[in-house]
Amino acid sequence: MDTVALFFTGALVAGGIYWFLCVLGPAERKGKRAVDLSGGSISAENVQDNYKQYWSFFRRPKEIETAEKVPDFVDTFYNLVTDIYEWGWGQSFHFSPSVRGKSNREATIIHEELAADLIQAKPGQKILDVGCGVGGPMRAIASHSRANIVGITINEYQVDRARDHNKKAGLDALCEVVCGNFLQMPFDDNSFDGAYSIEATCHAPNLEEVYAEIYRVMKPGSLYVSYEWVTTDKFKPEDDEHVAVIQGIERGNALPGLRAYSDIAETAMKVGFEVVKEKDLAAPPAEPWWTRLKMGRVAYWRNHIVVQILSAVGVAPKGTVDVHEMLFKTADFLSRGGETEIFSPMHMILCRKPDSS
């Protein structure tokens with residue numbers, strides 16, 4: 001009888017673990033397993049020190065407002081979070097409006113394909129992806145448009161991950177990835193048929209500088225679309241709660257400082273762009289983009305337990321637990337920003353470089 005009871009107890013525990021990790025929601029996304037979590041280009045023994053270094057930037061806020069310091073700041077952040085993003089979120093490091101009847105992945109692809117359609121990307125064209133991450137949007141846009149996509153990211157580890165994903169997807173002939181600073185891109189003037197940035201230029205200390213650089217490498221007459229992180233007209237700088245939410249978003253996402261929605265078009269025109277269209281894609285009647293964050297709370301705690309176990313046994317680097325906890329807190333700030341409508345991660349601006357340029 002004891003043997004039978006022990007067997008059923010063991011089966012119950014095993015079934016509970018399977019339900020917790022698998023049925024409740026997969027603890028990993030295609031392309032990254034929990035046991036492979038790392039610190040990107042940072043050696044395992046230095047992850048915790050680099051996490052502390054990341055937070056030290058905020059004790060010297062003037063340094064993250066300069067073009068000289070931003071590459072180190074952003075590179076450190078993405079070394080710390082890239083694997084966790086891939087594992088817990090997917091290969092597209094951005095948000096998208098929920099779409100009724102569609103999965104999160106399907107809604108993400110729809111959002112990415114919209115960017116391709118807005119810039120009228122066509123087969124054979126050379127299109128620039130500004131801040132490409134591990135290439136989720138790049139692959140969706142290449143598949144949708146059959147254009148040749150060239151992505152740039154500051155992080156070497158992301159370059160390697162993107163190239164690996166491109167090859168596995170059979171899209172390496174259409175997708176190229178370059179390691180570089182989008183404030184000083186290694187591309188010739190007037191060399192791209194179009195460009196897009198999806199929630200990436202928010203990392204620039206000065207939006208005018210990155211827009212000017214994008215303008216430089218685009219051909220006259222070509223289109224550029226960006227999904228920008230902004231504070232909306234509902235943000236009140238005198239409201240302490242509003243300020244706390246925005247600061248939480250900034251600090252958990254390696255941002256020198258969020259910009260007001262009203263600054264975007266003005267900056268684009270200042271560098272020479274013609275503004276074709278501007279719209280907050282998060283505004284009603286769009287379905288909330290932050291519901292995925294709120295629905296993922298149970299998955300977070302499940303994943304956090306996994307990270308703690310892997311860190312305790314030495315599989316995941318020390319400091320991984322701290323990074324994962326930081327991202328959870330940041331998700332709460334993002335959700336609050338979305339619910340109060342003081343923040344949008346998808347203020348869309350479509351620009352044209354004049355033919356006479």
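Predicted model: local features only at pLDDT ≥ 70, side-chain atom pairs only at ≥ 80, totals over all residues.
Good morning. Helix α11 covers residues 297-312 and helix α12 covers residues 320-339, and their axes come within 9 Å, crossing at roughly 165 degrees. An angle over 145 degrees counts as roughly antiparallel, and α11 and α12 are therefore roughly antiparallel to each other.

Which residues of α11 meet α12? On the α11 side they are Arg297, Tyr300, Trp301, Asn303, His304, Val307, Gln308 and Ser311. Their partners in α12 are Thr320, Val321, His324, Glu325, Phe328 and Asp332. Sorted by class, this contact of α11 with α12 comprises 5 nonpolar, 6 polar and 3 charged residues.

Let me place this pair in the chain as a whole. The secondary structure amounts to 12 helices and 8 strands. The chain has 357 residues, of which 52% count as buried. Taking contacts between residues at least 6 apart in sequence, 79% join residues at least 24 apart.

The crossing of α4 and α5 is right-handed. From α4, the contact draws on Glu112, Glu113, Ala115, Ala116 and Asp117, and from α5 on Gly136, Pro137, Ala140, Ile141 and His144. By class, the contact of α4 with α5 has 5 nonpolar, 2 polar and 3 charged residues.

Why may α5 be described as largely enclosed by the rest of the structure? The reason is that 8 of its 10 residues are buried. The buried residues of α5 are Gly136, Pro137, Met138, Arg139, Ala140, Ile141, Ala142 and Ser145. The elements that cover them include α4, α6 (156-168) and the strands β1 (126-130), β2, β3 (175-179) and β4 (192-198). Just after α5, Arg146 adopts a positive phi of about 65 degrees.

Thr153 belongs to β2, which spans residues 148-153. Is Thr153 buried or exposed? With a relative accessible area of 5%, Thr153 falls in the buried class, because that class takes in residues under 20%. Its side chain makes a polar contact of 2.8 Å with the side chain of Gln158. The side chain of Thr153 also reaches the backbone nitrogen of Asn155, at 3.3 Å. Apart from neighbours within four places in sequence, Thr153 is in contact with Cys132, Gly133, Gln158, Val159, Val177, Val178, Cys179 and Gly180.

Leaving aside neighbours within four places in sequence, what does Gly248 contact? Its partners are Thr330 and Phe333. How far apart in space are Gly248 and Met326? Although 78 residues separate Gly248 and Met326 in sequence, their C-alpha atoms lie 10.0 Å apart.

Thank you for your attention.

Conventions: Residues numbered from 1 in each chain as written. Heavy atoms only, no water. Helix = DSSP H or I, 4+ residues; strand = E, 2+ residues; numbered from the N terminus. Buried < 20%, exposed > 50% of the residue type's maximum accessible area, 1.4 Å probe, protein only. Polar contact = N/O pair within 3.5 Å; in protein donor to acceptor, adjacent residues only side chain to side chain. Contact = heavy atoms within 4.5 Å. Left-handed = near helix turned anticlockwise from the far one by under 90°. Nonpolar A, V, L, I, M, F, W, Y, C, P; charged D, E, K, R; others polar. Axes fitted to C-alpha atoms, helices over the stretch in contact; angles between N-to-C directions. Parallel < 35°, antiparallel > 145°, perpendicular 65-115°, else oblique.
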